[in-house]
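Here are my notes on this model, point by point. Please read them with the structure open.

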Amino acid sequence: MKFDRRSFIRSASVLAALTMAEIDALAASHRIKNHSKPVAEDDEAYWSNMRQLFPLAKDLVYLNNGTFGPSPYPVIDAMRTAQMDADMHGNYGAYDATMPKIAKFVGADDDEIALTHNVTEGINIACWGAPLKRGDEIIVTTHEHVGNAAPWMNRQKLDGIVLRKYTPARTAAETLERINALINKNTRAIATPHIPCTQGQILPIKEICRLAKDKGLFALIDGAHGAGMMPLDLHDMGCDTYATCCHKWMLGPKGTGFLYVRKGFQDTLQAYYAGGGTDDGKWNIMTNPITIGNYAPSAHRYFGGTQANGLYTGVNASIDFIETIGQKNIHRRIKYLGKYTQDRLLEFGNKIELLTPTEERSRCAVNGFRIKGVDYQKFFTRCNDKKIRIRMVPENGINSLRVSTHIYNSKADVDRFIEEVKKVV
Ligand SMILES: Cc1ncc(COP(=O)(O)O)c(C=O)c1O
């Protein structure tokens, strides 16, 4: 990854977001270019440099990466340059390189990645493509985001499938038992999130996929928070589909995502949305009888048409950015900040209800909580007024709050938020 001073000055002049001193600091941040050399999760000297790589407003404490992750300058610069290139020189495409890059990033093969615009689109492709009939049962959670709830509820409405729900438990073992207890002769799929948006706990996804396989069920995973939060190996995970995005933990362009479809599952998952790229290239409307012939021998069968070359160049840059720092380093650091947040919330004793498990394998960078006797909406507004950006969780009547941290955050950011909690407790 090139952190070159001139290109930063160029993007900075367009964005008008940096002072010259900051540009120099940015250029000096070559030391961030470590190509996955291990960095301690508590090396504040190293991690405190990160914030300079993002155009985040100085007075903002941004603790809402779970909604979307701000992009660093190299990603913004790559997007802008690619867009300019397209508009100046008529260059088209630029996303062919993205599928193999994403595949490598998540432990998949090049032909298992379909580009999408967000998680919701990927989930819709998986939901509608799965061969299901009236009365078939699908297992979801009581902690769904609308992006995984609405597609399945819609298919329930239109096709008469049945949704069964479990509540994620405080331990991985108990969660598995709850899922197992829902499985019966009508069950066809487990369509669970890997990491629910409500309280960010890491569900035992490999065991869930194993269970699905053992019982002959489809494992159609909502992976909104997986990519970029932790290194992924989707082959090892064993899911049939994994829908995720580049605009949260990958810190990529907003409105970009991808759907992994396991190679051996592609002839089972129907492609309902066809266009340029979804067939094997031999289509011809003059054939008699008219037929689309063969689908593309890859997950390209699930998407078609023109893609935003600026955005996908930005996705490539976001993967480079993450690999430059090191996926494992990022994971360790954000897990450390998540634990720090938990510890600080737990200092309030029974005044705070920490909803995210403390179990080591079930926690990472997102924490959900309630403040006893304090309305969650009022606390959210109070934080917003003080430029502390967190998220409310009104979904499914859960009525709680959520804090999520990424590499541009410091312990000081968490402390500033904790000060507000202290004031209302
Ligand atoms: C768990 C979960 N699923 C699905 C979505 C929908 O994502 P998108 O807006 O990219 O479609 C989100 C977004 O926050 C989410 O947290």
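**Notes on backbone and ligand shell**

1. Start with N396. This is a predicted model. Phi of N396 is near 55°, a positive value in a residue other than glycine.

2. N399 belongs in the loop between strand 12 and strand 13. Its phi is positive, about 45°, and N399 is not a glycine. With 13 C-beta neighbours inside 10 Å, N399 counts as partly exposed.

3. Why flag these angles? Most residues other than glycine have a negative phi. Check both asparagines on the display: N396 with phi near 55°, and N399 with phi of about 45°.

4. Now the peptide bonds. Most peptide bonds are trans. The bond from N288 to P289 is cis, with omega near 0°. P289 sits in the loop between strand 8 (257-261) and helix 11 (309-325).

5. Which residues are closest to the ligand? They are N118, T120, G147, C197 and A224, in a surrounding set of 15 residues. Helix 6 (119-129) and helix 7 (146-159) are the elements that give two or more residues to this shell.

How values were computed:
Residues numbered from 1 in each chain as written. Predicted model: local features only at pLDDT ≥ 70, side-chain atom pairs only at ≥ 80, totals over all residues. Helix = DSSP H or I, 4+ residues; strand = E, 2+ residues; numbered from the N terminus. Buried ≥ 20, exposed ≤ 12 C-beta atoms within 10 Å, placed from the backbone. Near = placed C-beta within 6 Å.
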